[in-house]
Amino acid sequence: MKANHCIAFLMLLPSFFFHNDAEAQNIRGDTIHLEANSVVAVVFPSSPSKAELAINNGQEGLYEISDMGKKSLSIKALKKGAKDQALEVTEGGRKHLFILSYKEGSPARSIDLSTKKKLSARVVEKRKDVSKALNATNSLYDHARTDISNQALWEEVEAKYLQLVNVVDPKDAGVVKSRLEESRKQVQGIKEKRYDEAIKEGQNYHSLKKYGEAKKAYLKTLEDKPGDVQALKYINLTDSVWAKDYVDKGDEAYKAKKYVLAKTNYQEAMSIKADYPSLQNKFNQAKKDADPLIYKIEREKGDEALKATDVEEARRAYDSALSVRPDDRYIENQLKKLIPEEENIELDEKREAAYQSILAAAKSLAGKASNVQEYDLAIKEYERALAMIPTRKFPRKLINELTKIKNGVRAN
């Protein structure tokens, strides 16, 4: 028998799973663990007349169902990490619901339901599992009712009732459906409240001309409502006003022939809204006028810093000068002069780290010392630190102090 596929969501499975409870041999929600390309056989008391995979969210090709024998089905996962999928089987007047779930290294290779006795035993076992899960979920629901604004908790409640809605006894189905719907409404209500608060926060910041904070607030709304038209409209408006603020400052600076400041403001505007009208042309013109000035200013700063042996500032200034005049020979030669100094700084930093490590070890030994030998060990560590950086006074001071203590211990 070839597998038949029906398009349905797991939560909208056929109604026969909620009725005809007189048929005590219907399995509901029995999870079958599978792994890729490894067959699990399920043997029934009679030949299955129907086996249908319920397609979840339009996904197909996750599992394969086929005949293995007159009274059995073979089931396998077709890909690693396949999402859970429902399998409906009709056989001998009974209607079963299985959940196919991918599990790496699953040990099950055969499920023996070949007699009514074995089938009944399986039904009893699974109903106990469902009942246990329902009790746990009801307790979680009660907890959520006391923590009404906890979104993560309500989402957990929703997920667990969703797993149960098609497998509980008919007498419990109504309550499960009701609580599933309630948990969804609670999650949605929390999101709506947070969305409204973020919109108001964004509007407040916008009115204060704090456009960066306003945009952050509006972006938070998209976490709860991805693609929300209203939020996107506010974000676009904020970007436009924010960018205009910088463009206006750039225009003012350019008119005053403050070209470096003009370029900086146009650059800020571009980082906010690159497609702002005429912005690229304004930036290009300001850059053309500003870059020679930037080069001159940064070159002079770099030269002064180099004379003062401020290597870090010299590197920053020369890099800035090089950014507006790439491949400038003078700057490249100056940067080469920094390399030995930077290497010395790196060596000094490594030496300092090693020095501090030795001091920490010496301090630990001194704190635990109680006899001559132990004080000697601490003193030797401080001597190592002193040998590494002879100009430091602290190790010498500790050596003298510990030597006095050691001599006192020896005298006693």
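Q: Is the crossing in which H5 passes H6 left-handed or right-handed?
A: This is a predicted model, in which local features need pLDDT of at least 70, side-chain atom pairs count only at pLDDT 80 or more, and totals for chains, interfaces and linings use all residues. Residues are numbered from 1 along each chain as its sequence is written, and side-chain values use heavy atoms, with hydrogens and water left out. A crossing is left-handed if the near helix is turned anticlockwise from the far one by less than a right angle, and right-handed if clockwise. H5 passes H6 in a crossing that is left-handed.

Q: Is H5 roughly parallel or roughly antiparallel to H6?
A: Helices are DSSP runs (H or I, at least four residues), numbered from the N terminus. The axes (lines fitted to C-alpha atoms over the stretch in contact; angles run from 0 to 180 degrees between N-to-C directions) of H5 (residues 229-255) and H6 (residues 259-272) come within 8 Å and cross at roughly 165 degrees. Angles under 35 degrees count as roughly parallel, over 145 as roughly antiparallel, 65 to 115 as roughly perpendicular and the rest as oblique. So H5 and H6 are roughly antiparallel.

Q: Is Lys 126 buried or exposed?
A: Lys 126 is found in helix H1. Buried means under 20% relative accessible area, exposed over 50%, partly exposed in between (1.4 Å probe, protein chains only). Lys 126 has 15% relative accessibility, so this residue counts as buried.

Q: Which residues does Lys 126 touch, not counting residues up to four places away in sequence?
A: Contact means heavy atoms within 4.5 Å. Leaving out residues up to four places away in sequence, Lys 126 touches Arg 28 and Asp 30.

Definitions and conventions:
Helices (H or I, at least four residues) and strands (E, at least two) are DSSP runs, numbered from the N terminus.
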